[in-house]
Amino acid sequence: MIVISISFIAGVLYVFLVILFVVGWNRHYAFEPRGNEEAGLKVSVVVACKNEERNIRQLISCIAQQSYQDFELIIVDDHSKDATRAFVKQAIRTLPQLKMIDAAGNGKKNALKEGILQSENDFIVTIDADCVPTFHWLESIVCFQEKLPSDLLICPVRIKESDGVLLRIQALEFVSLVAAGAGAAGMGMPILCNGANLAFRKKAWLESQHELHDEIASGDDIFLLHSVKKRKGVIRFLRSESALVDTKPVTSLPGFFKQRIRWTSKAPAYTDLETIAVAAIVLGTALSELVLLVGAFENMDCLVAFGVLFCAKYLVDFLFLSHVQKFFYLKNVGLDSMLLSLIYPFYIVSVVVMTFFGGWRGRSKGLRENQRFEIIR
């Protein structure tokens, strides 16, 4: 059957792709600052925030206590209606490196732009307002940058595992995206990054500014990566537990789907062929599973083919996640990976359908984006 043949091709491509990610991940050596390096790089940390009174105080506290102190912290307030601005103004009294900018425009992407343009230093680090960095976060980034200078440095992000099936699976899927981006970068084909923990030369950002698609509300990180990549700039992943930042999960199913739809809404603007190819392989594999599952009601061969494809995909996913398990502090990888594999075809296809046929393209333009990863797994 043609369907089975196509599914076989999709499965082979998927397995090959994930093996590439495993190899790419292992190419990154574990980097940890020794604590005695004399780093001389001045950093501008830029945070765009809106109505973040529940999170901004903790973020400022974590950054104020960083082991590396040669930085300026720029918080750009995107027209908050809660106590965010009051908290930041209060913090300015005790943290001389902190300054606040009231955004002239609207949206997170614009807020980041204003902060970067007003930054005083040549090396920029962005982090989301709801993230929590480690004590050696900035030190790790700076020491790595001085040792291996990069135009763009992809830094690790994770969702802390929590109780509840949805939260555990969400954390696992998020890690798989981050790790896939790291693996792809290790193979010299960077496709993913996350503005929640990203570092880059200001010069590289300025050279890419015209390619960041200001007409699209999200994607400041991915479009920057694609632009730097197109210019053959140096892009690396920082495999350092000290550089990890924790971000918060979405706590409701509707919110989870809305977030994923926001992530995919910018995909039509992608021009990077490797990113498009990876997305096509992932979506094609998920579609193959669904088609074979439906065909299994009438044809036993489809059932067998589905079983083979499902098992192959699960095993290679498990292989990949087992390689990154320790770094991201994952638990119950075997069980949670099985649960994710069971729901993933339905979930990914549903998100794509809702994004491109449900009118979300236009509506997503005005929505605030909390995390920004294309759905690739």
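Guide: Seven strands make up an open sheet with mixed pairing, in the order β3-β2-β1-β4-β8-β6-β9. Its edge strands, β3 (98–102) and β9 (235–237), each pair on one side only. On average, neighbouring strands of this sheet are turned by 20 degrees against each other, direction ignored. Some terms and conditions belong here. This is a predicted model, in which local features need pLDDT of at least 70 and side-chain atom pairs count only at pLDDT 80 or more, while totals for chains, interfaces and linings use all residues. Residues are numbered from 1 along each chain as its sequence is written, and side-chain values use heavy atoms, with hydrogens and water left out. Strands (E, at least two residues) and helices (H or I, at least four) are DSSP runs, numbered from the N terminus. Two strands pair if DSSP finds at least two bridges between them. Axes are lines fitted to C-alpha atoms, for helices over the stretch in contact, and angles between N-to-C directions run from 0 to 180 degrees.

At one end of the order, strand β6 (residues 152–154) pairs with β9 in the parallel sense over three bridges. L152 has I235 of β9 as its bridge partner. Helix α2 (residues 56–64) packs on this sheet and touches β1 (43–49), β2 (71–77), β3 and β4 (123–127), where contact means heavy atoms within 4.5 Å. The direction of α2 makes about 170 degrees with that of β2. Helix α4 (residues 108–117) also packs on the sheet, touching β1, β2, β3, β4 and β8 (197–201). Its direction makes about 155 degrees with that of β1.

Another open sheet has three strands in the order β5-β10-β7, again with mixed pairing. β5 (132–133) and β7 (157–159) are at the edges with a single partner strand each, so one side of each has no neighbour in the sheet. β5 and strand β10 (residues 245–247) run antiparallel and are joined by two bridges; P133 stands opposite V245 in β10. Helix α6 (residues 165–186) packs on this sheet, touching β7 and β10, and its direction makes about 165 degrees with that of β7.

Last, the cysteines. The structure holds zero disulfides, a disulfide being a pair of cysteine sulfur atoms within 2.5 Å. For C62, the nearest cysteine sulfur is that of C131, 10 Å away. C62 is buried at a relative accessible area of 19%, where buried means under 20%, exposed over 50% and partly exposed in between (1.4 Å probe, protein chains only). C193 is buried too, at 1%.
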